[in-house]
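Hi everyone, thanks for coming. I have one structure to walk through today, so let me put it on the screen.

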Amino acid sequence: MSAAELSSRTTDPSAGARWLWPLALVLLVLLCLVGAAALPWAFDYPKGLRIPAQRWIGAFVKWLTNEAAVGPIRFSDITRFIAAVIDVPYRAALNLLSTGFLKGEGSQAIQLLPPIPWPAVILLFGLIGYWVRGRATALLAMGCFLFIAIFGQWQSAMVTLASILVAVPIGVIGGLLLGIAAFRHPWLDRALKPVLDLMQTMPVFAYLVPILILFGFGPTAAVVATLIYAMPPMTRLTTLSLRRVPSEIDDLGRMVGCTRSQMTWRVLVPAAQDALMVGVNQVIMLSLNMVIIASMIGAGGLGFDVLAALRRLDFGAGLEAGFAIVAMAVALDRLSQAAAVRQRSMPAPGPWHRRHPYVVAAILIVTTGYVAGHFLPAVRHYPEAWELSTSAFWAAAVQWLNVNFFDYFEAIKNAVLLNLLVPVKRLMVGLPWAGVTAFLAFAGWRVGGWRLGLLTGALSFLIAATGQWEKAMITLYLCGISTAIAMAIGVPVGIAVAARDRLWRAVQLIIDTLQTLPSFVYLMPVVMLFRVGDFTAMIAVIAYAVVPAIRYTVLGLRGVDPRLIEAGRAMGCTPRQILFSIRLRLAAPEILLGLNQTIMFALSMLVITALVGTRDLGQEVYIALTKADPGRGLVAGLAVAFIAIITDRLISAAAARTRERLGLTTH
Amino acid sequence: MTAPATLICRNVWKLFGADAERRLAALGPAPSLEALQGAGLIPAVRDATIEVRAGEIFVIMGLSGSGKSTLVRCLSRLIEPTAGEILFNGRNLLTASEAEMIEIRRHKMGMVFQHFALLPHQTVLENVAFPLAVQGVDRARREARAREMIALVGLTGRESALPRQLSGGQQQRVGIARSLAVEPELWFLDEPFSALDPLIRRELQGEFMRLQSVLKKSIVFITHDFDEAIRLADRIAIMKDGAIVQCGTPEEIVMNPATDYVREFTRAVPKAKAVRVRTVMQPGVPADRNAPSVAATATVAEASAAFLDGAAEIAVLGADGTAVGRLRREDVVQLLLGGSEG
Ligand SMILES: Nc1ncnc2c1ncn2[C@@H]1O[C@H](COP(=O)(O)OP(=O)(O)OP(=O)(O)O)[C@@H](O)[C@H]1O
Ligand SMILES: [Mg+2]
C-alpha cells in the first residue's frame with residue numbers, strides 16, 4: 001500500500017457515505033433489469049470498437065522471431081543461445097542421472113560411463129537428509145525415492161529430477177540477483193512489480209506458445225517456462241527480506257568498512273538467509289508443480305507419463321506417475337525446509353577429509369555404487385522383476401466404483417449442475433460489462449482510493465474490450481462458486497481446529513503435504529469419478545483451494561491477542577459471543593487474506609481444468625496452445641491475470657482497511 | 001592537563017525532510033526549533049558542537065528521540081549531516097571520499113550497537129573476526145586476533161557458539177570484542193547496555209571501565225540513563241530536542257546545572273556519586289600518618305567507605321601515588337546529607 005493510497009483513504013469522507021454502496025448496487029441491478037433493451041452496447045461490447053489485441057500480439061511475436069534484432073544479432077539468435085546455454089547443465093545432469101555419458105550418436109553410441117546407479121542416488125538423498133536434519137529426514141527421503149524405484153518410475157523420475165536440478169539453481173540465483181537489484185534501485189523495484197504480478201497471475205498455458213516459438217520444442221524450453229513460473233516469488237522474497245534486515249546490521253556493515261559488494265554478499269544476504277531459504281523452497285515446489293505442464297512443450301519424464309496416461313484415459317498409469325511426482329515433491333520439500341533451519345556446526349579441526357565428512361561419504365557412495373554396478377546388473381538398473389505395479393488395481397477400483405456407484409455420482413452431479421451451476425452461470429453471463437466495470441471501479445475507489453478505482457475499472461474494461469467478457473464471466477462463475485464452497489468448508493474446519501493444539505498440528509501436516517502436490521494430481525481422481533465438465537472442474541478446484549481457507553482462518557484465530565479473549569470472558573461473554581464478536585471479528589483481516597489466497601488458488605487450478613472441458617478463459621488459453629496461436633493465448637491469459645489482480649487488490653485493500661479500523665497494527 | 005582533541009564536531013545540523021540543505025540555508029544562521037518545524041523539517045540535530053579528547057569517555061545523554069543516535073551517526077558519517085564540520089585528527093570527514101571513509105572506518109573506528117547487531121549465522125569467533133575478514137586479513141591472523149579479543153571480554157570457551165545460544169549480556173560482550181578487533185582509535189557505543197537487565201548492565205559497566213583503563217580509547221558513549229552517564233563519563237553532553245543544552249564533567253553538571261531541564265536529571269542523583277574527591281579536599285596532609293588513603297579521582301561516595309573505621313581525615317593521593325591533600329569527614333558528611341537536593 002503506497003503512502004498516496006493511504007492518504008487518499010484517510011481523506012475520504014467514509015463515515016457519511018454509507019449509503020453509496022447500496023446505491024451502487026441498486027443501479028447495477030436496475031441496469032440488469034431494464035437496460036438490455038435500452039442500452040444493448042452495455043451488454044454486448046460493440047464489435048467495431050474492439051481492441052484487436054490478439055492480432056497485435058500475434059504480429060509482435062512474429063516480428064520478434066523473424067525480424068527483431070540488436071545490431072547484427074537477431075532476437076531469435078539470442079533466445080536460441082540462451083536455450084543452448086541452459087542445455088549444457090541439463091545434458092550433464094541427464095547424463096549423470098539417466099542416460100549415462102555417451103560417445104557418438106544414436107544407436108552407435110557407446111556408453112563411456114553409466115548413470116549413477118539407483119541405490120547410490122537413494123543413499124545420496126539419505127545422506128543429504130542426514131546432513132540437514134538427522135536420521136528421520138534421511139529415512140523419509142530414502143523412502144520416497146525407493147518408492148519411485150519400486151513402482152517402476154525410476155527412469156522417468158531421473159529425467160524429471162535432472163530438469164529440476166537445472167531449473168532450481170537458475171531460478172534461485174536469477175531471483176536472488178533480480179531481488180538484490182530491485183532492493184538497491186527503487187526505480188527497478190517499481191518497474192518490476194507489475195511484471196512480477198503478471199508473471200505470477202498469468203496462466204502458464206498462455207506463455208507456453210511464445211516460449212515454444214522462441215526457444216523451440218524440448219526440455220530447455222520447458223526449463224525456461226518453469227523459470228518464468230518459479231522465479232517471481234524468489235525475487236519478491238529477496239527484496240522483502242533484504243528490506244527487513246535490521247538497520248543496525250546495515251550500520252554494522254558500513255562501520256566495519258564494507259564495500260558495496262561486501263555489504264551485499266557478506267552482510268545483507270547472510271543476515272536474510274532464513275527468509276531466503278523459504279524462497280528456495282518455493283522455487284523447488286513451484287518447479288515441481290510445473291513438471292506436468294512443462295511436459296507439453298517437451299520436458300519428458302514423469303510429467304510426460306502423466307499427460308500421456310491422461311490422454312489414453314489410463315488412470316492407473318497416470319496415478320502411478322502422479323504418485324512418483326508426489327513422492328519427489330515430499331522428499332525435496334522436507335529436505336529444503338530442513339536445510340532452511342539447519343543448525344550450523346563448526347567443522348571438526350584436522351585434515352581435509354575430517355573437515356568434510358559428508359563430501360567423503362558422498363564420494364564413497366558413488367564409487368561403491370559404480371563398482372558394485374559393474375558386477376551386479378541389479379545395481380545398475382532396478383530389476384523389472386522387483387517392480388510392483390498398482391496400475392491394474394487402480395483401474396479395477398475405478399471401474400468397480402463406476403460400475404456400482406455410477407448412478408449416484410451422476411445423480412449428485414446433475415443435481416448440483418441443475419440447481420446451482422447452471423443458474424449462476426446464466427446470471428453471470430447475463431451481466432452487462434459496462435455495469436460491472438463501473439461497479440468495480442466504484443468498489444476500488446471506496447476501499448482503496450481513486451487510484452485503485454482507476455485500476456480495477458481499467459482492467460475490467462480491457463477484458464471486455466478485447467472480447468473476452470463472456471468467457472471471463474464463466475471463469476468468474478466457476479471460480480466464485482468453488483471459492484464460496486471452499487470457504488464454507490475451510491472456515492468452519494479452521495474454527496474447529498484453531499483452539500486445539502494437537503489437532504491443529506495434525507491438520508497442519510496434512511495441509512502442508514496437500515500443498516506440495518502438483519495441481520494436476522487433484523484432477524485425476526475427480527475425472528475418474530465424474531468424467532469431464534464443469535462439475536468435475538469445480539470439485540478439483542475446491543479440493544485444491546480449500547487449503548488456504550483453512551490455514552488463514554487458523555492463523556487469524558490463533559493470532560488474536562489472548563488478553564482480549566480473557567477480557568471477554570471476564571465480561572461474561574458466552575463462548576458463542578466470544579467466537580463471533582471477539583475472535584472472528586479480530587481475525588477478519590486474516591480471513592480476508594485467506595479468501596484472497598483461496599481465489600488465487602482457485603484461478604490457477606481453473607486454468608488447468610480446461611483439460612476436462614470447461615468453456616472459460618482457461619479453455620481459450622488451452623485451445624490457443626493446441627493451435628499454437630500466441631496472440632489468442634496471451635490475450636485470454638491476460639484476462640485471467642486481470643481478474644486475479646482485480647480481486648487481489650480489492651481484497652488486500654479491504655483487509656488493510658479492516659485492520660486499520662480494528663486498530664491492529666499493519667505490518 | 002587537557003589532551004588533544006581526537007574528534008571535533010562544529011555546528012553540526014541534521015534535518016530530515018526533502019531538500020533540507022537548501023531550506024536550512026534559507027532560514028538564516030540559527031533558526032529556532034519552531035521555525036524549522038514550521039518549514040516541515042524534522043530537526044534531529046541542531047547546531048551541535050562537541051570535542052572528544054584523546055583517551056576520554058565522552059557521554060552523550062538525552063531522552064528518547066533527543067537526537068543522540070542521529071548525532072553519533074553523523075560523527076561516523078553513516079548519515080550525511082545537513083551542515084557543519086567534523087574533524088577527525090584534524091581531517092574533515094565531510095570532504096573525505098567514500099574510499100577514504102571506508103579506510104578510516106576499517107582502521108580507526110569501532111562501534112557497539114544497542115541490539116548487538118551480531119550476524120545470526122556466524123559463530124562468536126567469526127563475528128569477532130568479521131571486521132578483519134572484510135579487510136582481507138588471512139584466516140589464521142584474524143582468528144588469532146579474534147581469540148585475543150574474546151579472551152579480553154571473558155568469553156573464552158564460547159568461540160563456536162552461535163549468537164542465539166548466548167544471553168544478552170554475553171552477546172553484547174561479543175559486540176564489544178568485535179568492535180575492538182581492529183584496534184580502533186575512536187570507539188562509538190550507542191546505548192550499548194540499554195537492552196540489558198539492571199544487574200547485567202552494572203556488570204558490563206564495570207567491565208567497560210576495566211577495559212578502558214587498559215585500552216585508553218577515545219570514546220563516544222550514548223545513553224539515556226543519567227546514572228550511567230555519571231558513572232562512566234569523563235565529560236557529558238546533555239541533549240534535548242536535537243540541541244546540546246550543557247556540556248561538562250559530571251561534577252560540573254551536578255553542581256551547576258545550566259537549565260531546569262538538566263536540574264531535573266541531577267535531582268535524583270546523589271551528589272556524592274558525581275563529585276570527585278579532588279574537588280572537596282583540603283590542602284595539606286592528614287594529622288594521622290596511618291590514615292587510610294584514596295585517589296583524587298575517586299568519587300566522594302567511593303571515598304566515604306574509608307571513614308568507616310572512624311578516621312576523621314584521610315589522605316588523598318595523586319596519579320603518581322604521592323599525597324596531594326586530605327579529605328575531612330565533615331565535608332563528606334555534608335555532601336552526603338546535602339544529598340540529592342539540588
Ligand atoms: N530517517 C529518519 N527520518 C526522519 N526522521 C528521523 C529519522 N531518523 C531519526 N529521525 C527523527 O529524529 C529524531 C531523533 O532520533 P534519534 O534516533 O537520533 O533519537 P535518539 O536520541 O537516539 O532516541 P532513542 O533513545 O530512542 O534511540 C527523532 O524525532 C526521530 O523521529
Ligand atoms: Mg538511539
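I'll start with the surroundings of a ligand and then turn to some helix packing.

Before anything else, please keep in mind that this is a predicted model.

Let's begin with ligand 1. Which residues surround ligand 1? On the chain B side of the list we have B:F16, B:I42, B:A44 and B:L63, then the run B:S64, B:G65, B:S66, B:G67, B:K68, B:S69 and B:T70, and finally B:E191. If you sort that shell by residue class, you get four nonpolar, six polar and two charged residues.

An oxygen atom of ligand 1 sits 2.6 Å from an N or O atom in the side chain of B:S69. For B:K68, again with a side-chain N or O atom, the distance to an oxygen atom of ligand 1 is 2.8 Å.

How much of ligand 1 does the protein cover? On its own, the ligand has 640 Å² of accessible area, and the protein covers 59% of that. Two elements of chain B, β2 (42-53) and α3 (68-75), are the ones that give two or more residues to the shell. Of these, α3(B) provides the largest share, with three residues.

Please find helix α8 of chain A, residues 154-184. I'd like to show you two of its partners. One is helix α11, residues 219-244 of chain A: the two axes come within 7 Å and cross at roughly 40 degrees. Angles under 35 degrees would count as roughly parallel, so α8(A) is oblique to α11(A). The crossing of this pair is right-handed. In terms of residue class, their contact has 13 nonpolar, nine polar and one charged residues.

The other partner is helix α14 of chain A, residues 273-289, which packs with α8(A) at an angle of about 140 degrees, the axes being 9 Å apart. α8(A) passes α14(A) in a right-handed crossing.

One last pair, also in chain A: helix α27, residues 534-558, and helix α29, residues 575-608. How do these two run relative to each other, roughly parallel or roughly antiparallel? Their axes come within 7 Å and cross at roughly 160 degrees. Over 145 degrees counts as roughly antiparallel, and that is therefore how α27(A) and α29(A) are arranged. The crossing of α27(A) past α29(A) is right-handed. This contact has 17 nonpolar, six polar and two charged residues.

That's my tour; happy to go back to any view.

Terms used. Residues numbered from 1 in each chain as written. Chains lettered and ligands numbered in written order. Predicted model: local features only at pLDDT ≥ 70, side-chain atom pairs only at ≥ 80, totals over all residues. Heavy atoms only, no water. Axes fitted to C-alpha atoms, helices over the stretch in contact; angles between N-to-C directions. Helix = DSSP H or I, 4+ residues; strand = E, 2+ residues; numbered from the N terminus. Parallel < 35°, antiparallel > 145°, perpendicular 65-115°, else oblique. Left-handed = near helix turned anticlockwise from the far one by under 90°. Nonpolar A, V, L, I, M, F, W, Y, C, P; charged D, E, K, R; others polar. Near = heavy atom within 4 Å. Polar contact = N/O pair within 3.5 Å; in protein donor to acceptor, adjacent residues only side chain to side chain. Areas by Shrake-Rupley, 256 points an atom, 1.4 Å probe, with all protein chains shown as cover.
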